[in-house]
Amino acid sequence: MNIANKLTLARVIMIPIFIGFMLLQGAQMLTFGSESVPVTQLIAGVIFIVASITDYLDGYLARKLHLVTSFGAFFDPMADKLLVIAALMLFVEKGWVPAWAVFIIIARELMVTGLRVLLAQTNGKVMAAALPGKIKTMTQMLAIIFFLFANFGISLPIAQVLFYTCLFFTVYSGIDYFWNARFLFREL
């Protein structure tokens, strides 16, 4: 197993650890501005950041060192989606984000993943991430980090703004991907 795939696997292993720390009800609190945050949540935040960095690193190393494998092509995006879905579902449970919005995000991820599979099967092509999808991913990761760290003590609702920006780009990028692949559906 090459280094890029090991990083992907490490990210998958970090997901239940992240969930575990989010579910722990630690009594120890740290204060960010006017917000008190459980230390266990901050540890989960650090785990999320490390996992997010491995996402960047595994892709970078796979391309730079020519280590692209079928395992990595499948598990890298799967690990990303599982990490984000875990965080967003926990945020719904905590009342930080609405369930309907998380449903839209998950539905888009599943639909675009299905579209990628369909495109690969019918044309043998890999659908590259477009700019709206990259913006979606960036705002999604930042929103999660700001939620986990209680906006870093900033009194503005940065996490919420980033989350709804992510939601906008989730819908926009999903439409964009399907529009650009509309030729697949002409036979229907």
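What share of the contacts in the protein chain between residues at least 6 apart in sequence join residues at least 24 apart? The figure is 73%, counting contacts between residues at least 6 apart in sequence, where contact means heavy atoms within 4.5 Å.

Hi everyone, a word on the model first. This is a predicted model, in which local features need pLDDT of at least 70 and side-chain atom pairs count only at pLDDT 80 or more, while totals for chains, interfaces and linings use all residues. Residues are numbered from 1 along each chain as its sequence is written, and side-chain values use heavy atoms, with hydrogens and water left out.

Now the overall picture. The protein chain has 6 helices and 2 strands, and along the sequence they run α-β-β-α-α-α-α-α. Helices here are DSSP runs of H or I with at least four residues, strands are runs of E with at least two, and numbering starts from the N terminus. With a radius of gyration of 18 Å, close to the 16 Å that the globule rule gives for 188 residues, the protein chain is as compact as a globular protein of that length. That radius is taken over C-alpha atoms, and the rule is 2.2 Å times the number of residues to the power 0.38. The C-alpha trace spans about 55 × 35 × 25 Å along its principal axes. Of the 188 residues, 41% count as buried, that is, under 20% relative accessible area with a 1.4 Å probe, protein chains only.

On to helix packing. The axes of helix 1 (residues 3–23) and helix 3 (residues 70–94) come within 9 Å and cross at roughly 10 degrees. Axes are lines fitted to C-alpha atoms over the stretch in contact, and angles run from 0 to 180 degrees between N-to-C directions. These two helices are therefore roughly parallel, the word for angles under 35 degrees. Their contact has 15 nonpolar, 3 polar and 5 charged residues. Nonpolar covers Ala, Val, Leu, Ile, Met, Phe, Trp, Tyr, Cys and Pro, charged covers Asp, Glu, Lys and Arg, and the others, Gly among them, are polar.

Last, one residue I like: aspartate 55, in helix 2 (residues 39–64). Aspartate 55 counts as buried because its relative accessibility is 19%. Beyond its neighbours within four places in sequence, aspartate 55 contacts Arg11, Asp76 and Asp80.

Terms used:
Parallel < 35°, antiparallel > 145°, perpendicular 65-115°, else oblique. Buried < 20%, exposed > 50% of the residue type's maximum accessible area, 1.4 Å probe, protein only.
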